[in-house]
2 protein chains.
Amino acid sequence: MAESRHSGTVRRSSRDAFIDAAGRLLRRQGYAATGLNELVASSGAPKGSLYFHFPGGKEELALAAMERSGERLRGAIAAILTSTEDLGGALGGLVDALAAGLQSSDYEDGCPIATVTLEAAGDSPAVRATAASVFESWLAELEARLLRAGLSAPLARRRALLVLSAIEGALIVARAKRDLAPLHAVREELVGLCA
Amino acid sequence: MAESRHSGTVRRSSRDAFIDAAGRLLRRQGYAATGLNELVASSGAPKGSLYFHFPGGKEELALAAMERSGERLRGAIAAILTSTEDLGGALGGLVDALAAGLQSSDYEDGCPIATVTLEAAGDSPAVRATAASVFESWLAELEARLLRAGLSAPLARRRALLVLSAIEGALIVARAKRDLAPLHAVREELVGLCA
């Protein structure tokens, strides 16, 4: 395995494993419920290396996980939004992709950062600021796509906020109901509004 | 004080105090971060009475708090939605009221049940089912108001899901950003859509 070759690779692999494990656990159960022992077990990385990679402990690891999840989803959003010239089709495709992810995870995988944002925004300024920056990166993709479709700058900003908010909220309600209907409704309404 | 008069009142007051404390803490920090000691301290009720009133412990208390917060907000939603004949004005008033609550709590008091829903929906079927039932009670108020405004039944349902989802999502994004802009944007878009 690559891990055995040299120490630089070992460090990088353990670090990555911790970040991915934190991303999975934060998405499904949130910050407070995710203990360090569970993180280590889920990562498969040696426990002793956690504080080597993340001297700031759980909070520092959570920030890295939020940034990584945020950047992955930003890339996915950008790819879907630019996959078709049709704005309604692009927005519909985005909702469809998130709905498919929620359903295939048995209603576990909603937004990767909403849970930790709601739990920790009041206690951790760093978590709150990271959440704000991730949301802004997603908003920027939506806004750019809406501008390209010909909306004025103020309307593109406003509609991007509506689209992000409606999707975030629908992911919560769909998770509670174990039913994709909220996402389907939001899809139809957003496509209708932007067609 | 009423508490000293007879034991029926004492029991009822302690029970209420636990439920209100749980509602406050769940709204601000979520389920996992809220320990029983903090709940007891925040309630001001005697610790020994917690398991008397809630033999099921934290989960049973959380369900009672979700139901109470949900019912209070349902009443507030109904009052605002019926306060004016103008549908756009009614929806705008609803967003305004939630925005005012978020701002006056220094961006702490968002949706009273979203945090616990995201955290605990995967682990606790009872929390998930209670969240679904609270969301449905709010949806029913929105749907009834949209029907009264003349929308067809399928459109009223779809738009109620959009309105609830957009508001829930905007409360998250606004909390992360410490900025009411997401709520203002959603307000303008929803009022425009429903005018």
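How many residues of chain A are in contact with how many residues of chain B? The count is 42 residues of chain A with 42 residues of chain B, where two residues are in contact if their C-beta atoms, placed from the backbone, lie within 7 Å.

Before I continue, a note on conventions. This is a predicted model, in which local features need pLDDT of at least 70 and side-chain atom pairs count only at pLDDT 80 or more, while totals for chains, interfaces and linings use all residues. Residues are numbered from 1 along each chain as its sequence is written, and chains are lettered from A and ligands numbered from 1 in the order in which they are written.

I begin with the interface. On the side of chain A that touches chain B, the elements giving two or more residues are helix H1 (7–29), helix H6 (114–120), helix H7 (125–148), helix H8 (153–177) and helix H9 (181–194) of chain A. Helices here (H or I, at least four residues) and strands (E, at least two) are DSSP runs, numbered from the N terminus. The most is given by H8(A), with 16 residues. By class, this side of chain A has 22 nonpolar, 8 polar and 12 charged residues. In that division Ala, Val, Leu, Ile, Met, Phe, Trp, Tyr, Cys and Pro count as nonpolar, Asp, Glu, Lys and Arg as charged, and the others, Gly among them, as polar.

The same surface serves both copies, since 100% of the contact residues of chain A recur in chain B.

I turn now to H8(A). Of the 25 residues of H8(A), 20 are buried. A residue is buried if 20 or more other C-beta atoms lie within 10 Å of its own, exposed if 12 or fewer, and partly exposed in between, with C-beta atoms placed from the backbone.

One residue of helix H8 of chain A is A:Ile172. Because A:Ile172 has 30 C-beta neighbours inside 10 Å, it counts as buried. Leaving aside neighbours within four places in sequence, A:Ile172 is in contact with A:Gly110, B:Ala114, B:Thr117, B:Leu118 and B:Glu168. A:Ile172 and A:Glu108 are 64 residues apart in sequence, yet 10 Å apart in space, C-alpha to C-alpha.

Next, the backbone. Most residues other than glycine have a negative phi. With 15 C-beta neighbours inside 10 Å, A:Arg178 counts as partly exposed. In chain B, phi of B:Tyr107 is near 65°, again a positive value in a residue other than glycine. B:Tyr107 is placed in the loop between helix H5 (87–104) and helix H6 (114–120) of chain B, and its 19 C-beta neighbours inside 10 Å make it partly exposed.

Finally, I consider a helix pair within chain B. At what angle do helix H4 (residues 57–81) and helix H7 (residues 125–148) of chain B pack? The angle is about 5°, with the axes 10 Å apart. Axes are lines fitted to C-alpha atoms, for helices over the stretch in contact, and angles run from 0 to 180 degrees between N-to-C directions. H4(B) and H7(B) are therefore roughly parallel to each other, as angles under 35 degrees count as roughly parallel, over 145 as roughly antiparallel, 65 to 115 as roughly perpendicular and the rest as oblique. Their contact has 12 nonpolar, 3 polar and 5 charged residues.

B:Glu141, in helix H7 of chain B, counts as buried with 22 C-beta neighbours inside 10 Å. Beyond four places in sequence, B:Glu141 is in contact with B:Arg74, B:Ile77, B:Ala78 and B:Leu81. B:Glu141 and B:Ile77 are 64 residues apart in sequence and 7.2 Å apart in space, C-alpha to C-alpha. H7(B) is followed by B:Gly150, whose phi is positive, near 105°.
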